[in-house]
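Here's a quick briefing on how the inside of this protein is put together. Have a look at the model first, then we'll go through it by topic.

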Amino acid sequence: MSVAATESVPDLSVGVEEEFFLVDPSGHLSTAGSDVVAEAGHDIHGLQRELTRCQIETATGVCHTGEELHEELRSLRRRLAKAAAGRDLLLLPSGTSLSAEGLPPVITPSPRYEEMARRFGSIVDTVTTCGCHVHVGIPNRDIGVQVSNRLRSWLPVLLALAANSPFHSGHDTGYQSWRHIMWSRWPSVGPPPHFDSADEYESIVGAMIGTGAAMDRGMIYWHVRLSDKQPTIEVRIADVAMTAAHAALYAVMVKGLVGWALRSIRDGDTVPWLRAELLRAQLWRAARDGLDGECTSPATDLSLPIRRHLELLNECVAPGLGASDRQFLESGLDTVMREGTGAEKQRAEFARAGTLAAVVDLLTNGAVS
């Protein structure tokens, strides 16, 4: 895949949040997430607790290139793995937990999480997943909703690229991203609506909170949303990546996609968009089949293999990336096409070794690469 740059665009900032499981040497979920945060939070940027005690989250600083982002992600993962090892625990970069657990994950003690558990009942027991959230800088919220409108129809392609959760609770789910299916149980999850304005965005957010489907603005779990804390748009469709390299590749693709959207807004281009019900159907297909599935995209309304749509997506985003990021993206995509996604690698290891323990070893040993 090779596309020459045809125009310059403003440099876009990018940052990544990653969620991980903490597991014991047997691969079972730990309850020490809060303890690891308490012990290592002052040394690891953005380290914080998550909804359950078996999870932990990190966040990079503001980055500008794929190489810079890759190095920071590797550093964060390396330091977090070292902190976990101090408690004889391992960092598991998978969208879902692999081992069968006897009881639901333990909720992290905090008033907000406890209120979530009270309001949403058993949903909270069944949505323990780990994702990767990419933030890209935008000029303002009015532009942000227009970017969201243009990104939403690319979501199935992004999901297929980022799939890394074929196993859950001791068995093969039949999906490439079972996390996507589990996470969709929240009433506030899904592709964002198509908005006419930032005012409409705010109106819909307020209405969702008013119904109780979201407890607050932090629970607006759309796959693309505007950040309330930073001048960014946040893309939340991805499973946590098996490796730092794959996470950085995905983030550069998202950054390039935001740049494409900004150029189309600037040039007054009309971009086709899918109705929500059709987009949900295509997201389901991407979650099930990964790169072997089919979908449509803003590049063409024809149903084509997702691998072909990835090529079209690369052609869309490459003109807005600097030379180093174009090379980073091209090399990373070639590797994924040749070696497979995280989900495909997990399944290949299970086929080779015949045990989920071997898959856990693959994930934990490769977490910092």
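Which residues does Leu158 touch, leaving out those up to four places away in sequence? In this predicted model, Leu158 is in contact with Val235, Ile237, Tyr250, Met253, Val254, Leu257 and Leu313.

**The cores**
- Leu158 is among the residues with the most contacts inside the largest nonpolar core, along with Val134, Trp186, Val235, Tyr250 and Leu313.
- That core runs to 84 residues, and its top contributor is helix 8 (residues 244–266), with 14 of them.
- There's also a second, separate core of 28 residues, with Leu22, Leu89, Cys130 and Val360 among its members.

**Helix 8 against helix 11**
- Helix 8 packs on helix 11 (residues 323–339) at about 125°, and the axes sit 10 Å apart.
- Helix 8 is therefore oblique to helix 11, and their crossing is left-handed.
- On the helix 8 side, the contact uses His246, Ala248, Leu249, Val252, Met253 and Lys255; helix 11 brings Asp325, Phe328, Leu329, Gly332, Leu333 and Val336.
- Sorted by class, that contact holds eight nonpolar, two polar and two charged residues.

**Val136**
- Val136 belongs to strand 5 (residues 131–137).
- At a relative accessible area of 0%, Val136 counts as buried, because the cut-off for that is under 20%.
- Not counting residues up to four places away in sequence, Val136 touches Leu12, Ser13, Val14, Pro231, Thr232, Ile233, Val254, Lys255 and Val258.
- Val136 and Ala251 are 115 residues apart in sequence, yet their C-alpha atoms are 8.9 Å apart in space.

Note on methods. Residues numbered from 1 in each chain as written. Predicted model: local features only at pLDDT ≥ 70, side-chain atom pairs only at ≥ 80, totals over all residues. Heavy atoms only, no water. Core = buried A, V, L, I, M, F, W, Y, C linked by side-chain atoms within 4.5 Å. Buried < 20%, exposed > 50% of the residue type's maximum accessible area, 1.4 Å probe, protein only. Helix = DSSP H or I, 4+ residues; strand = E, 2+ residues; numbered from the N terminus. Contact = heavy atoms within 4.5 Å. Axes fitted to C-alpha atoms, helices over the stretch in contact; angles between N-to-C directions. Parallel < 35°, antiparallel > 145°, perpendicular 65-115°, else oblique. Left-handed = near helix turned anticlockwise from the far one by under 90°. Nonpolar A, V, L, I, M, F, W, Y, C, P; charged D, E, K, R; others polar.
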